Amino acid sequence: MNYRRHWIPVSGTPRKEFGRGNCPVAQGEETRKAEWRVGGSRGLDDLWAVTPGVMGDGTSPARLQPFPAHRPRTLHLAPPWLLDDYIPRYHLISSIDAAKKRSAAYAHLRECNLCPRLCGVNRYEKTGVCLIGAETVKVNTIAPHFGEEPCFQGHNGSGSVFFSGCNLRCVFCQNHDIAHQRNGFDLTPEELAEWYMKLQEVGRVHNINLVTPEHVVPQVVLSILHARELGLRIPIIYNTSSFDSLESLKLLDGLVDIYLPDFKVWSDKTSRRLLKADNYTATAMESIKAMHAQVGDICFTADGIAKKGVLVRHLVMPGKADEGREIVKWLAANVSKDIMVHIMEQYFPRAYVGRPRRGAKDEANVVEPGSANASTEIKANIRYEDINRPVDLDEVATVRKAAEEAGLWRFVEAARHGGFNI
């Protein structure tokens, strides 16, 4: 609320003229300061006590009625996450740094160690776990996408690039047909950069959203640097499973504006069984901390579109709400209480969940992934029966409550008015 400060008389006759910047008191008269609020239904007539016979028209503003002394003045400052304007980070690096990143990208392809799998293969000659080579990337879909968070999709959509392949093997993968199968078309980094430009110029999207890019970081780096020369001017989103190496994030530093990591599970036993990855939790922890160190908390321009920062997703899974609670507690204690979190409820059994068990006629030989012995009941039924159901909303609510109790407060949630959420 705005306040104005004026001098008013304690005694004596005020001057006739009274306006902004004028002192309504004859020289030498005793004065005091008073404040009043401007706006709303209260006008100047309400602020002055009127007495007749002083002015020529029979009225005179004699004394200002100030607000009670206990009412504090409030200063409305712009929050630290509001930006007047934004220049993408890839426009701020020097040509020397850009050349160094190009050189490092080619070097990593010759001995790939850019994800925690650490295959160490020469991707010009053969592929590793991700099954993607060096000279091209395999892309499934490139299009404006309206299924992301409102602050990313806005009115025109997020320019999403869905890469085929992945360095994880999640048994419940919600994009199984893209991530687990090499479906799509091959693009060089230069061709990929031209697609970024089409999304910007034709699609008028708000950002370039790189989905599941962990295994193609060198090609992504080369494409961003080329797109910079072509005139790209919108933020880059790195949409990741959090299974990234620090070397990979170092290569991306200065090129990515928004990190969108998905912190999937908390238990190493769960990650071995459901993600087919060892040491996932520790890797996700150090990755998210490194991402936050680069770009900080999520920031917006006045139109509600995110321009830089970290937004962490967590997909609540059936029977795994306890792991979700640990994840949000860790984020609050070790990253930032101001970090934005999206607690997602859209889990649905996909990929290998609910499929009939393969093979073994002898039930004694059936074990769960991660060498965990399966019970007789599970052996007799289907694969991953414990997560073969949609998540219960009560489970989602417990994770949200734990996040609030830990001090987190910036959540992605539906608009309360039920309309467009931006």
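Guide: What follows concerns a predicted model, and each label is set against its cut-off.

Visitor: What makes the contact of R313 with E148 a salt bridge?

Guide: The closest N and O atoms of R313 and E148 are 2.4 Å apart, and because a salt bridge requires a side-chain nitrogen of Lys or Arg within 4 Å of a carboxyl oxygen of Asp or Glu, the pair qualifies. The two residues are 165 residues apart, with R313 in strand 13 and E148 in the loop between strand 6 and helix 3.

Visitor: Why does R313 count as buried?

Guide: The relative accessibility of R313 is 12%, and buried means under 20%, so R313 falls in that class. By the same cut-off E148, with a relative accessible area of 10%, is buried.

Visitor: How do you know that E149 and R313 form a salt bridge?

Guide: Their side chains meet at 2.8 Å, N to O, which is within the 4 Å limit. Salt bridges that share partners join E148, E149 and R313 into one network.

Visitor: Which residues are closest to the centre of the largest pocket?

Guide: Of the 38 residues that line the largest pocket, the closest to its centre are E148, D262, R313, M344 and Q346.

How values were computed: Residues numbered from 1 in each chain as written. Predicted model: local features only at pLDDT ≥ 70, side-chain atom pairs only at ≥ 80, totals over all residues. Heavy atoms only, no water. 1 Å grid on protein atoms, 1.4 Å probe; cavity = no way out; pocket = protein on both sides within 12 Å on 5 of 7 lines; lining within 4 Å. Helix = DSSP H or I, 4+ residues; strand = E, 2+ residues; numbered from the N terminus. Buried < 20%, exposed > 50% of the residue type's maximum accessible area, 1.4 Å probe, protein only.
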